[in-house]
Amino acid sequence: ELGSASFGAKDDCTPCNSDGQYADELGLPSCKTAPAGKKPTTNRQNIENCSPGRYSVGGKTECDECEVGKFSNEGAVGCSQCE
C-alpha cells in the first residue's frame, strides 16, 4: 500500500514512519527520503514543498522555520537575509 514498503518481506509491508520517509508507489522495496525543499505528506504517500518561511535540507519530516530576520519562498532549501 502507498506509504509503506516491503523491506524484503513477501507478505507484509512496513509503514514509512522514520524521519523524512514516504512511499509514493506500490511495491517499493524500501521507503524514499524527502529531498531538500520538501517534506512527506501527513499520510506518507507523497511529498510536498516546504511552505514560505520554512526550509528543509532534505530527509526531514517537517520543514524548519527561518530565523528571525530571514525569509524563504515555497520549496526552499535555506533562508535568505531580509534587506
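A disulfide here is a pair of cysteine sulfur atoms within 2.5 Å. This is a predicted model in which local features need pLDDT of at least 70 and side-chain atom pairs count only at pLDDT 80 or more, while totals for chains, interfaces and linings use all residues. Residues are numbered from 1 along each chain as its sequence is written, and side-chain values use heavy atoms, with hydrogens and water left out.

**View 1. The structure holds three disulfides.** Count the bonded cysteines along the chain and the pairing reads 1-2, 3-4, 5-6. The next three views take the pairs in turn.

**View 2. Cysteine 16 and cysteine 31 are joined by a disulfide.** Their sulfur atoms sit 2.0 Å apart. The torsion about this S-S bond is about -90 degrees, so the disulfide is left-handed. Cysteine 16 is in the loop between β2 (14-15) and β3 (21-22), and cysteine 31 is in the loop between β3 and β4 (32-33), so the pair ties together parts 15 residues apart in sequence. Strands (E, at least two residues) are DSSP runs, numbered from the N terminus. Cysteine 16 is buried at 0% relative accessible area, and cysteine 31 counts as buried too, at 12%. Buried means under 20% relative accessible area, exposed means over 50%, and partly exposed is in between (1.4 Å probe, protein chains only).

**View 3. Cysteine 50 pairs up with cysteine 63.** Again the sulfur atoms are 2.0 Å apart. Here the torsion about the S-S bond is about -80 degrees, so this disulfide is left-handed. The link bridges distant parts of the chain, 13 residues apart: cysteine 50 is in the loop between β6 (47-49) and β7 (54-55), and cysteine 63 is in the loop between β7 and β8 (64-65). Cysteine 50 is buried at 0% relative accessibility, and cysteine 63 is buried at 6%.

**View 4. A disulfide connects cysteine 66 and cysteine 79.** The S to S distance is 2.0 Å, and with -80 degrees about the S-S bond the link is left-handed. Cysteine 66 lies in the loop between β8 and β9 (70-71), with cysteine 79 in the loop between β9 and β10 (80-81), so parts 13 residues apart in sequence are tied together. Cysteine 66 is buried at 14% relative accessibility, whereas cysteine 79 is partly exposed at 23%.

**View 5. Cysteine 13 is in no disulfide.** Its nearest cysteine sulfur belongs to cysteine 16, 8.9 Å away. Cysteine 13 is partly exposed, at 39% relative accessibility.

**View 6. Cysteine 82 is in no disulfide either.** The nearest cysteine sulfur is that of cysteine 66, 8.5 Å away. Cysteine 82 is partly exposed, with a relative accessible area of 42%.

Definitions and conventions: Helix = DSSP H or I, 4+ residues; strand = E, 2+ residues; numbered from the N terminus.
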